[in-house]
Amino acid sequence: MTIPQAPERPVQFTAHGETRTDNYYWLRDDTRSDPQVIQYLTDENRYTQQKLQAAEPLREALYEEMVARMPQADESAPYRYNGYIYRTRFEAGKEYPLYERRKINSGQWEVLADGNERAQGLAYYELVSLAVSADNRRIAIAEDKVGRREYQVAYRDLTDDHWQESVLTDVADDLVWSADGSVLFYVRQDPQTLLPFEVYRHHFGTGTAQDELVYREDDDRFYTGLSLSSSREWIFIGCHSPVTSEVQLINANAPLQPPVCFSPRQDGREYHVDHLDGQFYIRSDHENELFGLYQTEAPENQWQTLIAPQPDTDLEDFTLFRNWLVLQERHAALPQIRIIHRQSGKETQVAFDDGAYCAWLGLNPEPDSQLLRYGYTSMTTPASVYELDMVSGERMLLKQAQVNGFQRDNYHSERIWITARDGVQVPVSLVWHKDHYQPGFNPLLIEGYGAYGASMDPDFDANRLSLLDRGFVYAQAHIRGGGELGKRWYNAGKMQHKINSFNDFVDVTRELIARRYGAEN
């Protein structure tokens, strides 16, 4: 079979005074119905299958290995919220989860949504978000039934098993109820680009023709989303670009009032807002490349500094409790969790078990709690959910992902630093199987990202075991352009500094070979 060749059909585009030619624009088929495009893709797939036919036994073996590591039945760590305990559960032999809850003092679980029932007759299905009203009477879910992030919303009264199907279509997955459960706020997407840009209010039980436009984002550099404050008093409309953000406020107890801008956008300034006990808390980079934490009683008031930006530590996230302030920070390319008691000012750092790891603040929706939930994983530790008693300091493992056949002691992981050509130290995370490690002879797989300020953290991947068990050494190069060392690390690998991302990856690769982590050939 000959290699399929896509014919060139030049199309010119002019923008910003520049004209460019795209010879393959004809391959863009948003309707997925052009017979010429479909035929070309079919030919490409057939050619690929023919060339990879010899690898079919290996592919089947890998697939069987990966499936065998997965548990047939599983469930999430339950969490408390608004008088109920929630969980997600997979039943053996079924593909989709059940979403359940029970009253805190009851042992009877109630099925909120059964993914297996919802998926019947569909070639693709994913339930991506679920929102229960504050009065616990209503539920709304966002579902993807085509695999293109074009979500449909169904909802129902929880005293009735009957779903009102496809109430909303072509929307994003953010759903927030007003305090009284009468209004559902949602975000509509651009039908072509799927960019979320319009916020609407929908009155339960009415048609979409009566929905009201609340906010429209006209700058296509910004993504628009919805969230609810920790106090449950405010609905946030967040508009975010890579370096700039703006938040609009909706009073959850007065959902018909127009939104109010918290602080007008300023180019190059990011901020993120939460609210509890009459105070707004703002994570912002307006004073420094690295983020600090501020507070104010009202949007029009001056921000007061709570946590000033620190020279070598970035503030990535925070969680509000009535008696504690919990910070997720990043120092020396590793996440840290710091707990501050509001009254005494006493600080505690959460201890972690590995030299290279990934940790994050978990779901903590109850501000009155003294229990902090956080997530943890490393290259030799499956994803875990811990709960820390902030009074006693006791830590409890609530859930660790089950990986059949995995023995942690068979694997070794470490963090090293490699000097790039300009003298900058680049962190690298490595893992290998102890029985197969032969310095200078192992195949070496190196991955890196280095873009958009996203951190590529050393996490656990059950599928990666198939490589390690065959003698591979796996390395993550935390190159510039990512967020592993804060915003400065991101800025050092973007735009006119983008070459640093590529140089870092090359220099890390060469040094790993020189240090005999992998074979030269």
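Visitor: How much area do domain 1 and domain 2 bury between them, and what share of it is on carbon and sulfur atoms?

Guide: About 1,300 Å², with 62% on carbon and sulfur atoms. Buried area is the accessible area (1.4 Å probe) that two parts lose on being put together, summed over both. Leu 276, Arg 283 and Ile 307 supply 36% of what domain 1 buries against domain 2, more than any other three residues. This is a predicted model: local features need pLDDT of at least 70, side-chain atom pairs need 80 or more, and totals for chains, interfaces and linings use all residues. Residues are numbered from 1 along each chain as its sequence is written, and side-chain values use heavy atoms, without hydrogens or water.

Visitor: What makes 122-309 domain 1 and 313-402 domain 2?

Guide: The domain assignment of the protein chain gives these bounds, plus domain 3 at 409-515. Such bounds come from an automatic or database assignment. The C-alpha centres of domains 1 and 2 lie 25 Å apart. Their contact (heavy atoms within 4.5 Å) takes 14 residues from domain 1 and 17 residues from domain 2.

Visitor: Why is the pair Arg 232 and Glu 366 called a salt bridge?

Guide: The term requires a side-chain nitrogen of Lys or Arg within 4 Å of a carboxyl oxygen of Asp or Glu. The closest N and O atoms of Arg 232 and Glu 366 are 2.6 Å apart, so the pair meets the definition. Between domain 1 and domain 2 the count is two salt bridges.
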